[in-house]
Amino acid sequence: MLMKLNFDIKSIGFQYWVVALIIYKKNFYKYDNTIESVYSEVAKTFQTTRSRVERAMRTASEEAKKTIAKDFEYNKKLTNKTILKLLTHNICVINMKGE
């Protein structure tokens, strides 16, 4: 899904997005009001800092924002938290449909 949305697959941020989606999907109720904990858990996994994770994820998603806005019909500002919620929700819907 991330590749279809034009995420920068060559960057470390892409790998962070994959792990962030897994973490968030597994424990979304725990992170509903903040993305900082997700950044911290990803940082722990990759032995880096929370701020490096945030920046790398933001950079990796820069090109994808246009595609996400179009595909999800979302016209507001796309933050990492918004993207994470949209993608997680979409993954859950796809899983429910069995696609």
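Colleague: Hi! Where do E54 and R58 lie, and how many residues apart are they?

Modeller: Both lie in helix α3, four residues apart, about one turn of the helix. Helices here are DSSP runs of H or I, at least four residues long, numbered from the N terminus. This is a predicted model, so local features need pLDDT of at least 70 and side-chain atom pairs count only at pLDDT 80 or more, while totals for chains, interfaces and linings use all residues. Residues are numbered from 1 along each chain as its sequence is written, and side-chain values use heavy atoms, leaving out hydrogens and water.

Colleague: And what do the side chains of E54 and R58 meet in?

Modeller: A salt bridge, at 2.8 Å from N to O. That term means a side-chain nitrogen of Lys or Arg within 4 Å of a carboxyl oxygen of Asp or Glu.

Colleague: How many salt bridges does that rule give?

Modeller: Three. E36 pairs with R50 at 2.8 Å, N to O. E36 sits in helix α2 (residues 36-46) and R50 in helix α3 (residues 50-61), so this pair ties together parts that are 14 residues apart in sequence. E62 and K65 form another one, at 3.6 Å, N to O.

Colleague: What is the relative accessibility of E36?

Modeller: 36%, so E36 is partly exposed. The cut-offs, with a 1.4 Å probe and protein chains only, are under 20% relative accessible area for buried and over 50% for exposed, with partly exposed in between. R50 is partly exposed too, at 31%.

Colleague: Switching topic: at what angle do the axes of α2 and α3 cross?

Modeller: Roughly 105°, and the axes come within 8 Å. Each axis is a line fitted to C-alpha atoms over the stretch in contact, with angles running from 0 to 180 degrees between N-to-C directions. The two helices are therefore roughly perpendicular, a label for angles of 65 to 115 degrees.

Colleague: Which residues make the contact?

Modeller: From α2, E36, Y39, S40, V42 and A43; from α3, R50, V53, E54 and M57. Contact means heavy atoms within 4.5 Å.

Colleague: Now α4. Which residues there are buried?

Modeller: In α4 (residues 64-71), A64, T67 and I68 are buried. Seen down the axis, the buried residues fall within an arc of 100°, so they line one face of the helix. The arc is that of the directions from the helix axis to the C-beta atoms.

Colleague: What does the face turned away carry?

Modeller: The exposed residues K66 and K70.

Key:
Parallel < 35°, antiparallel > 145°, perpendicular 65-115°, else oblique.
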